[in-house]
Amino acid sequence: MRRSFYHYILTQRGHNVGDPVEDFAANVAKDNNFPKQSQDYHELSSYLELNVNYLSSMDLFDQVWDNYQENNQ
């Protein structure tokens, strides 16, 4: 069974403090409105673009999304 992006990003916490992916994961964990069940790129990217201020660049999301796709097949 495929896991949600939220479940995947939470596994990226606690590895490299100060790393942009680590910071992104920590902020997602604190975001009560994050779409936790989603596996859809467009839903997640829209949410991040329109609703959060903790992601400095959508390029970072794209990088993490690519890793999520590779690890979630």
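Which exposed residues does the face of helix 3 turned away from its buried side carry? They are His 42, Glu 49 and Leu 50. Exposed means over 50% relative accessible area, buried under 20%, and partly exposed in between (1.4 Å probe, protein chains only).

## Basis

This is a predicted model: local features need pLDDT of at least 70, side-chain atom pairs count only at pLDDT 80 or more, and totals for chains, interfaces and linings use all residues. Residues are numbered from 1 along each chain as its sequence is written, and side-chain values use heavy atoms, with hydrogens and water left out.

Helix 3 spans residues 41–51. Helices are DSSP runs (H or I, at least four residues), numbered from the N terminus. Leu 44, Ser 45, Tyr 47 and Leu 48 are buried in helix 3. Seen down the helix axis, these buried residues fall within an arc of 160 degrees, so they line one face of the helix. The arc is that of the directions from the helix axis to the C-beta atoms. An α-helix has 3.6 residues a turn, so residues three or four places apart point the same way.

The buried residues of helix 3 pack against helix 1 (5–10), helix 2 (20–30) and helix 4 (58–71). Contact here means heavy atoms within 4.5 Å.

## The start of helix 3

A side-chain oxygen of Asp 40 reaches to within 3.3 Å of the backbone nitrogen of His 42. Ser 38 sits in the loop between helix 2 and helix 3. Ser 38 is buried, at 6% relative accessible area. Its side chain makes a polar contact with the side chain of Glu 43 (2.8 Å). A polar contact is a pair of N or O atoms within 3.5 Å; within protein, one must be able to donate a hydrogen and the other to accept it, and residues adjacent in sequence count only if both atoms are side-chain atoms.

## Helix 3 against helix 4

Helix 3 and helix 4 pack at an angle of about 155 degrees, with their axes 11 Å apart. That makes helix 3 roughly antiparallel to helix 4 (an angle over 145 degrees). On the helix 3 side, Tyr 41, Leu 44, Ser 45, Leu 48 and Glu 49 take part. They meet Met 58, Phe 61, Asp 62 and Trp 65 in helix 4.

Leu 55 lies in the loop between helix 3 and helix 4. Leu 55 is buried, with a relative accessible area of 14%. Not counting residues up to four places away in sequence, Leu 55 touches Phe 24, Leu 48, Leu 60 and Phe 61.

Conventions
Helices (H or I, at least four residues) and strands (E, at least two) are DSSP runs, numbered from the N terminus. Axes are lines fitted to C-alpha atoms, for helices over the stretch in contact, and angles run from 0 to 180 degrees between N-to-C directions. Angles under 35 degrees count as roughly parallel, over 145 as roughly antiparallel, 65 to 115 as roughly perpendicular and the rest as oblique.
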